[in-house]
Amino acid sequence: MENYLEQLNEAQKEAVLNTDGPSLVIAGAGSGKTRVLTYRIAHLLRQGVAPWSILALTFTNKAAREMKERIGQIVGQEVASKLWMGTFHSVFAKILRVEAEHAGFPSSFTIYDTTDSKSLVNSILKNMKLNKEKAYKTGTVLGRISAAKNDLIIPPVYARDAQRTTADAASRIPRMPEIYQKYMSECKKAGAMDFDDLLLNTNLLFRDHPDVLAKYQERFKYILVDEYQDTNFSQYLITRKLAEKYKNICVVGDDAQSIYSFRGAKIENILNFRNDYQGYKLFKLEQNYRSTRTIVNAANSIIARNDKQIQKTVFSQKDEGQKINMIQAHSDVDEGFIVINDINETRLRHQCQYKDFAILYRTNAQSRIFEEALRKKNIPYKIYGGLSFYQRKEIKDLLAYLRVTINPKDSEALKRIINYPARGIGKTTMEKLEAIASQHDVSLWEVITNPGLPNAGFNSGILKKLSSFSTLIGGFISQVPNMSAFDITNEIATQSGILKELHTDKSHESQTRLENLEELFNAIREFSDERQEGGEDNGLVDFLEEVSLLTDQDNDSSDDINKVTLMTIHAAKGLEFKNVYIVGVEEGLFPSGMASTTEPGLEEERRLFYVALTRAEERATLTCSRSRYKFGELTFARPSRFLGEIDQQYLNIPEESQSFAKPKPGMPGMGKTTRRKFNLEDETPEKKKVNFSGKVLQNNRPEPKFNSRDLAAPNQIQPGVMVEHERFGHGKVLHLEGNAPNIKATVFFKNAGQKQLLLKFAKLKIIS
Ligand SMILES: Nc1ncnc2c1ncn2[C@@H]1O[C@H](COP(=O)(O)OP(=O)(O)OP(=O)(O)O)[C@@H](O)[C@H]1O
Ligand SMILES: [Mg+2]
């Protein structure tokens, strides 16, 4: 039996063993917070606690999966699979389905994603004739609604909340209370909840139904929360209510990594915890097991500049490691190629795999240039966030059919498909239908299926089209109970005409769309087979729920694939990679232009930088460019102030770009008194002209230390020769490619398998 306690240091062990009562673990990046949470759950299970009485809340679905997997290795997968574990949204969506009748929603309620929410706001604005008013922007309106929900302010309260109405008046959007009210009632009519509603309605459910709350308080004897610093008020309150009875709540977090305040996250929740649970135990973890000393110290030096923080120590006992490389490219396209070349070189030099690399950026828009460079070099990569698989048009279309079949009142889904494939139900008809729906306060589906529809002024042609649409959907609805999720999807794709439409169009694009649909079929088949083996229903509702709640970190393809990772820094939270490239480290981009105008904004950007840097285990590289295209225009960029804020002793600044952050000789390290603001005027015009190529950089790197006499001359290495490698041991050279000095050898090692090595770095000795 695995002795998991041996895999913890003393401080971690203490946090794992003290299972009862409230616990707060506040510790820096990479210190094993997630590990403590994982092992604590395993320990509880080993002590005989029932898995269904443990509730564990993670930041992403992927984190939950990985945690479950690891716990399963310790206590068995069967037991681990019964844990209540997932993101706040996914766990409470499940509870809301069970308690739907109390919450006033159908148990098959739809979850509106951001696109649905935006589209709903747009139609409300249009209806209120506010869509032409500049101040009423969809994003702003949605942001206010979301903020209100996360603070548990419902529409009638919103209208009375002086602070909010004053703020709305100042932004020239005084009709917000009305919009919010309409948004809520439209969602209710459609039997739909948006992401924030899942939390809000859980809170309302617990507030209004003490018996329901008592049931879950009794069920969840142990509650654990990862990434606690990024919970919002609504989430905080849910955990507080649930933990009220047993008070076995353990939260882990790092205030220095709080990066979601724009979504309502509140660092104050950590402080609240101290007040809410008198006699709570505080555990501090100080040793970082993830990164080299250089990376940990550099990260500490930058976060020390934030005024608002809980003091803590983070140290690493790993190797010092190499300095953090800084690269300044001439243009954004250049930056792409420099990074990709560096990845290739590092991969060969340090025997890494593609999956050991991550490119992290501040904004999704930056990914394109790196994607192009990776494609040109034939390097496999996976990209998270942005337009994911489930956001593609053809996928959303078919999913919308499924949504309408499960919940025909889902008006956003219905609008999407009522005229796709085209069936002659045009814009004017839709506007009329929406007006009727709004007048009678019902959903679109209820209008279409209402026997009184013929009196609504539509001509007979339109009436026929609407009736055949409702018959089509009605047919699907009646088939759901008797069919597997896969069969019903297949039926829909065929009967609706989607497949025919794509088959008829012979374009390459249609071909790709068909392939994507095939992929969706596979995903549904896998999901429903698993469910039906367990004797459950066809799982369509759960499948749709899972898809709606995917986070930016939940990639569609499986994880073990050997690919370079591209993601935003926000999505990289909690993850780790051997090699990390933080790109676009420029003023106006990182820190972002908006954020850097206020102190709290700037502090959040700095925390974001801390998160980015602490993802790296062995090597971190920071890049920026002298110019960049923004909205189609060439703009000049200056290196970020963050480059100047890092303690310079941890940086490797190539001579040509000393202008970034000229450290003065003999300058002491970090500390507030020695804090040196990066001087943006340092750059001279001559230096601006220097074009940086990967080659120059390579010259600036310290050469690997070895004694040349130990090595075989590359020209003695031939196919068939037996060689010895420092780490891989004995192997046989299979073949060589490329020209000196970049000859690559493919070697088969007895113990390590086949490897490709660049001879100039591989330090091979000939042994026969
Ligand atoms: N006692 C230990 N011995 C060996 N490795 C450890 C130990 N504790 C943690 N680690 C390893 O260190 C790395 C960081 O741990 P973990 O991800 O749990 O840290 P964290 O505090 O959750 O980090 P973050 O703040 O980034 O979320 C992981 O690879 C983990 O397996
Ligand atoms: Mg973690």
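## Exercises on helix packing and a binding-site loop

Helix H23 passes helix H24 in a right-handed crossing, that is, the near helix is turned clockwise from the far one by less than a right angle. The model is predicted, and local features need pLDDT of at least 70, side-chain atom pairs pLDDT 80 or more, while totals for chains, interfaces and linings use all residues. Residues are numbered from 1 along each chain as its sequence is written, with chains lettered from A and ligands numbered from 1 in the order in which they are written.

**Exercise 1.** State how the axes of H23 and H24 are oriented, and which residues make the contact.

Step 1. H23 covers residues 460-479 and H24 residues 485-495; their axes come within 10 Å and cross at roughly 170°. Axes are lines fitted to C-alpha atoms over the stretch in contact, and angles run from 0 to 180 degrees between N-to-C directions.

Step 2. H23 is therefore roughly antiparallel to H24, a term for angles over 145 degrees.

Step 3. Leu 472, Phe 476 and Gln 479 of H23 meet Ile 488, Glu 491, Ile 492 and Gln 495 of H24. Contact requires C-beta atoms, placed from the backbone, within 7 Å.

Step 4. By class, four of these residues are nonpolar, two polar and one charged. Ala, Val, Leu, Ile, Met, Phe, Trp, Tyr, Cys and Pro count as nonpolar, Asp, Glu, Lys and Arg as charged, and the others, Gly among them, as polar.

**Exercise 2.** Describe the crossing of H1 and H2 in the same terms.

Step 1. The axes of H1 (residues 10-17) and H2 come within 8 Å, at roughly 45°.

Step 2. The crossing is right-handed.

Step 3. From H1 the contact takes Gln 12, Ala 15, Val 16 and Leu 17, and from H2 Arg 35, Val 36, Tyr 39, Arg 40 and His 43. These divide into five nonpolar, two polar and two charged.

**Exercise 3.** Locate Gly 32 and Lys 33, and decide whether each is buried or exposed.

Step 1. An unreviewed UniProt entry annotates a "binding site" that includes Gly 32 and Lys 33; such annotations may be inferred rather than shown by experiment.

Step 2. Gly 32 lies in the loop between strand E1 (23-26) and helix H2 (33-46), and Lys 33 is in H2.

Step 3. Gly 32 is buried because 24 other C-beta atoms lie within 10 Å; Lys 33 is buried with 26. The cut-offs are 20 or more for buried and 12 or fewer for exposed.

Step 4. Beyond four places in sequence, Gly 32 touches Gln 12, Leu 285 and Tyr 289. Lys 33 contacts Val 25, Ala 27, Val 252 and Leu 285.

Methods
Helices (H or I, at least four residues) and strands (E, at least two) are DSSP runs, numbered from the N terminus. Two residues are in contact if their C-beta atoms, placed from the backbone, lie within 7 Å. Angles under 35 degrees count as roughly parallel, over 145 as roughly antiparallel, 65 to 115 as roughly perpendicular and the rest as oblique.
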